[in-house]
Amino acid sequence: MRNLHRELFTRWGLAVTTVDMTDLDAIADAVRPNTRMIWTETPSNPLVKVTDIAAVADIARNAGALCACDNTWATPVLQRPLELGCDLVMHSCTKYLGGHSDVLGGVLVSATDSEYCQRTRAIQEEGGAVPSPFDCWLILRGMQTLPLRVRAQCDNAAAIAAMLDGHAGVERVFYPGLASDPGHRIAAQQMDRFGAMLSFCVKGGESAAMKLANGLTFIPHATSLGGTHTLIEHRASVEGEASMAPDNLLRLSVGLEHVDDIVDDLQQALERVYQGGS
Ligand SMILES: *Cc1c(COP(=O)(O)O)cnc(C)c1O
């Protein structure tokens, strides 16, 4: 998103203000007379922060602005922002909807056939951002198993978050399913389950994080998410210089494997980094 703003939108004369979306007062304060849209992504990348969608939609409505939600991490199985008052929902189909890490795609859903929606569709058609028939076929095929995959992945993620949360080498786990997580209460209200994405900060800084990621034998170190296979990513090095991700943070996209296989791999890698430390 930040790259899009900097490289494209700003050049088109679009002004963007970024706000901590867990701070409702800060969002309301950031609204200006020319604000046309409030954009939210919940749970967010990579800190898995939870935004109160209904409250943000209210702020947008009062400001006469549209409210859009990037629902990629939650999927419609867990969270339905249109029901919470949003005007627009976006999903990267590359992730859970496709679900098998073999297709790129995206979808924008509008609550109404508004003028905005018609204009967006016209831009897509005229601009040529249309998916190929094969990509559509892959995504439709993936979506047939979406509810089952997502629920199973959430169950795995909950078990992994609990294991990491109790490990001496782990400084902090970011997962709204943990009762101690700042996003837990809102997530419990607006999500059916807590998702299958989680991040954690390890003790010993970036070198320990890299050592841990490289010590895994079953979980590949890779960037995408939402597929059947568990993936780990060192966010700061993927984002580069301007990254705001802590350098000791690792992000996990929890897959569909047997939970013991995922837990065992994490535990043996943790053991290597923090010998005798668990
Ligand atoms: C991956 C991702 C995107 C971008 O999707 P692509 O299909 O890779 O372009 C947008 N939002 C979120 C939350 C994502 O995880």
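A: Ser 101 counts as partly exposed because its relative accessibility is 49%; buried means under 20% relative accessible area, exposed over 50%, and partly exposed in between, with a 1.4 Å probe and protein chains only. The model is predicted, so local features need pLDDT of at least 70 and side-chain atom pairs count only at pLDDT 80 or more, while totals for chains, interfaces and linings use all residues. Residues are numbered from 1 along each chain as its sequence is written, and side-chain values use heavy atoms, with hydrogens and water left out.

Ser 101 is not a glycine, yet its phi is positive, at about 50 degrees. Ser 101 sits in the loop between helix 5 (93–97) and strand 4 (106–110). Helices (H or I, at least four residues) and strands (E, at least two) are DSSP runs, numbered from the N terminus. Most residues other than glycine have a negative phi, and most peptide bonds are trans.

Thr 75 also has a positive phi, near 65 degrees, and belongs to helix 4 (residues 75–78). With 1% relative accessibility, Thr 75 counts as buried. Leaving aside neighbours within four places in sequence, Thr 75 is in contact (heavy atoms within 4.5 Å) with His 91, Tyr 96 and Val 150. From Thr 75 to Cys 201 the C-alpha to C-alpha distance is 25 Å, across 126 residues of sequence.

Two peptide bonds are cis. One joins Thr 42 and Pro 43, with omega about -10 degrees; the other joins Asn 45 and Pro 46, with omega about 0 degrees. Pro 43 lies in the loop between strand 1 and helix 3 (53–63), and Pro 46 is placed in the loop between strand 1 and helix 3.

Thr 35 is found in the loop between helix 2 (24–30) and strand 1 (37–41). At 14% relative accessibility, Thr 35 is buried. A polar atom of the Thr 35 side chain lies 2.7 Å from the backbone nitrogen of Arg 32. Not counting residues up to four places away in sequence, Thr 35 touches Ala 30 and Ala 65.

Next, the helix packing. The axes of helix 8 (residues 146–165) and helix 12 come within 10 Å and cross at roughly 25 degrees. Axes are lines fitted to C-alpha atoms, for helices over the stretch in contact, and angles run from 0 to 180 degrees between N-to-C directions. Helix 8 is therefore roughly parallel to helix 12; angles under 35 degrees count as roughly parallel, over 145 as roughly antiparallel, 65 to 115 as roughly perpendicular, and the rest as oblique. Helix 8 contributes Asn 156, Ala 159, Ile 160, Met 163 and Leu 164 to the contact, and helix 12 contributes Val 259, Ile 262, Val 263, Leu 266, Gln 267 and Leu 270.

Helix 12 (residues 259–273) also meets helix 10 (residues 205–214), where the axes come within 8 Å and cross at roughly 135 degrees. Helix 10 and helix 12 are therefore oblique to each other. The contact involves Ala 208, Lys 211 and Leu 212 of helix 10 with Leu 266, Ala 269, Leu 270 and Val 273 of helix 12.

Terms used:
Polar contact = N/O pair within 3.5 Å; in protein donor to acceptor, adjacent residues only side chain to side chain.
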